[in-house]
Amino acid sequence: MTPAPASRAGGPGAPVRVLLDVDPGHDDALAILVAAGLPGLEIAAITTVGGNQTLEKVTRNALAVATVAGLETVVAAGCDRPLVTGAVLTDPETHGASGLDGPELPEPTVRLDPRHGVDVIVETVMAAEPGTVTLVPTGPLTNIATALRRQPAIADRVAEVVLMGGGYSKGNVTPAAEFNIYTDPEAAHIVFSAPWRVTMVGLDLTHQALATPDVHQRFRAMGTRAGRFVVDMLDFFGPAYRAKQGFDSPPVHDVCALVRAVAPDIVTVRPGHVDVELHGQHTRGMTVTDLRGREGRDLDHLVATELDVPRFWDLVTGAVARLP
Ligand code: PIR
Ligand code: CA
């Protein structure tokens, strides 16, 4: 089955509504700030999932970032561990002990919604007009997979799913696997085999979104609280990424998924089929991507290949510049 191309059921000019499922995380945090600053974009909800740090820490970080962004959005905590394997695979080397080291985190004024994040996902999608909510998962896929099990009808109702995870040519935790997929491969398998179209914004794409010194300078020049917050994040994330992964400038992975969801022509995609490897001795968590278009094989998903780098940073810095 090949789902129809994405259409915004609200019609041209209708605000895009996104649900952000996140594990902040520096790049998740930047994605939240960009979403908050984009005109014409509505954040339907923010749900959190254990990943870059424990659920407790990433939820606290999400509330702090929502506070910096001046958001009044629902924020709800979801699953604290992968579906099958025991615990979250936190990454303190890249994101620090807090999960968001660098900036001073304000005491949140945004209150945590008492509902479970998975319930918020299901209720938000089912209550909305069909085809009006886009899911943007940027952490392990535990919440999204659980929501699919809880209410399979969400597969028909979302506008699309644009996720950061995987890749077709490389990994970052292992040579084959990317962190978000590797953390919960069974959840990723559920998400990629559900009857909906997924856009995979993986490492091949996100490694093009490097926060170079000139980008850093654009944030610094804003002179706003949000601009300073981003600078403080990059001042931690950049050196951490350099030390651990040998990058001159850090990639802001998760922002790429958000940008594809709201400004699709900034990210080039190709049709493809994605299987998540669950059993490989060296390849567990790999997103095995078929871009060949062979007969009899559904190219049911979209795979991000190329980023329009100048337009990406114009959109990202423009959005953050609109925040206080
Ligand atoms: C994990 C991440 C980023 C860098 C490393 N080294 C590990 C997180 C990001 O938040 C992003 O969602 C994804 N996981 C990139 O693999
Ligand atoms: Ca993330």
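Is Tyr241 buried or exposed? Here are my notes on this one.

1. First, the ground rules. This is a predicted model, where local features need pLDDT of at least 70, side-chain atom pairs count only at pLDDT 80 or more, and totals for chains, interfaces and linings use all residues. Residues are numbered from 1 along each chain as its sequence is written, chains are lettered from A and ligands numbered from 1 in the order in which they are written, and side-chain values use heavy atoms, leaving out hydrogens and water.

2. Back to the opening question: Tyr241 counts as buried, because its relative accessibility is 3%. Phe237 is buried too, at 2%. Helices here are DSSP runs of H or I with at least four residues, strands are runs of E with at least two, and both are numbered from the N terminus.

3. There are three aromatic pairs in the structure. Phe237 and Tyr241 make an edge-to-face pair, because their ring centres are 5.3 Å apart and their planes meet at 75°. (Rings of Phe, Tyr and Trp, the last by its six-membered ring, pair if their centres lie within 6.5 Å; planes under 30 degrees apart are stacked, over 60 edge-to-face, the rest tilted.) Ring pairs also bring in Phe247, giving a cluster of Phe237, Tyr241 and Phe247.

4. Elsewhere, look at Phe312 and Trp313: they form an edge-to-face pair, 4.9 Å centre to centre with 80° between the planes. Both of these residues are buried.

5. Now ligand 1. Helix H11 (225–245) turns up again here: along with H1 (26–37), H3 (92–95), H7 (179–183) and H12 (253–262), it supplies at least two residues of the shell around ligand 1. A polar side-chain atom of Gln245 lies 2.9 Å from a nitrogen atom of the ligand. Asp28 and Asn180 each place a polar side-chain atom 3.0 Å from an oxygen atom of ligand 1. Taken alone, the ligand exposes 370 Å², and the protein buries 99% of that (areas by the Shrake-Rupley method with a 1.4 Å probe).

6. Finally, the strands. E7 (residues 267–276) pairs in the antiparallel sense with E9 (residues 301–307) over six bridges, and with E8 (residues 287–290), also antiparallel, over four. (Strands pair if DSSP finds at least two bridges between them.) Val269 has Ala304 in E9 as its bridge partner, while His273 stands opposite Asp290 in E8.

Terms used: A polar contact is a pair of N or O atoms within 3.5 Å; within protein, one must be able to donate a hydrogen and the other to accept it, and residues adjacent in sequence count only if both atoms are side-chain atoms. Buried means under 20% relative accessible area, exposed over 50%, partly exposed in between (1.4 Å probe, protein chains only).
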